[in-house]
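Student: I would like a close look at a single part of this model, taken slowly. Could you walk me through it in one connected answer?

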Amino acid sequence: MGLISDKAFDVLRSIPYLLKGVGITLEITVIALMLGTIAGLFLALCRVYGGSFLHNFAVVYSRIIRSLPLLVIVFMLYFLGSEIINIPAFWAAVLALAMHTSAYQLEIFRGAIQSINKGQMEAALALGMSKYQSIFAVILPQSLRRAIPYWANEATIVLKDSAMAYVLGITELMRRSEYVSARTAQPMLTYIVSGLIYLIMTYAFTKSMAKVESKVRIPGLER
């Protein structure tokens, strides 16, 4: 019994070591989200307002990427990419997450853009604004506000999916948890602690985004 208690105590003493992996987890998540948001918004605009080529490209991209498991994309970038250029494991994980989330963010932004009444575009054009001025000055500010809750949900998914980076040996939270589990022979307790850390990060992010949504919400904009 005493041995079990000592091993459990070793897990608790390893929490600072696990927390060092949180920084890498957040770094992967933030960079992937930034790249995915830029790509997703661009592709959404291509799908809604682009010509036939850009529209079809966005549709095909979305369908292909969303049909592939994230792990497959990670391995494709890391192993296939290394045959062309040497992609570090960190960037292979980041780019895989960015590609994966961009396909889902494409659909989020597309839905938000198309939810804006067509009369607003017509009114902007009638006031003498160009098509692009109407998109960026009238449509996007409103659609981005509507997209916040759905984007926040996707962001929490990316945060949790960042654990997939452990398969490439990146010492983020999940990989460090594996090391602690092997050293202490306490996998249950180790992964409970790791799960609680993920829960705290997810909860903090969700609450933060809820506050952002409440501040930028325009009364009467929602359906």
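Tutor: What follows stays with helix 5 and the helix that packs against it.

This is a predicted model, in which local features need pLDDT of at least 70 and side-chain atom pairs count only at pLDDT 80 or more, while totals for chains, interfaces and linings use all residues. Residues are numbered from 1 along each chain as its sequence is written, and side-chain values use heavy atoms, with hydrogens and water left out.

Helix 5 covers residues 89–114, where a helix is a DSSP run of H or I with at least four residues, numbered from the N terminus. Its 26 residues reach 38 Å from the first C-alpha to the last, close to the expected 38 Å (1.5 Å times one less than the number of residues).

Helix 3, residues 52–67, packs against helix 5 at about 125 degrees with the axes 9 Å apart (lines fitted to C-alpha atoms over the stretch in contact, with angles from 0 to 180 degrees between N-to-C directions). That makes helix 3 oblique to helix 5, because angles under 35 degrees count as roughly parallel, over 145 as roughly antiparallel, 65 to 115 as roughly perpendicular and the rest as oblique.

In the contact (heavy atoms within 4.5 Å), Ala58, Tyr61, Ser62, Ile65 and Arg66 of helix 3 meet residues of helix 5 including Met99, His100, Leu106 and Glu107, and Ser102 is also among them.

Definitions and conventions
Helix = DSSP H or I, 4+ residues; strand = E, 2+ residues; numbered from the N terminus.
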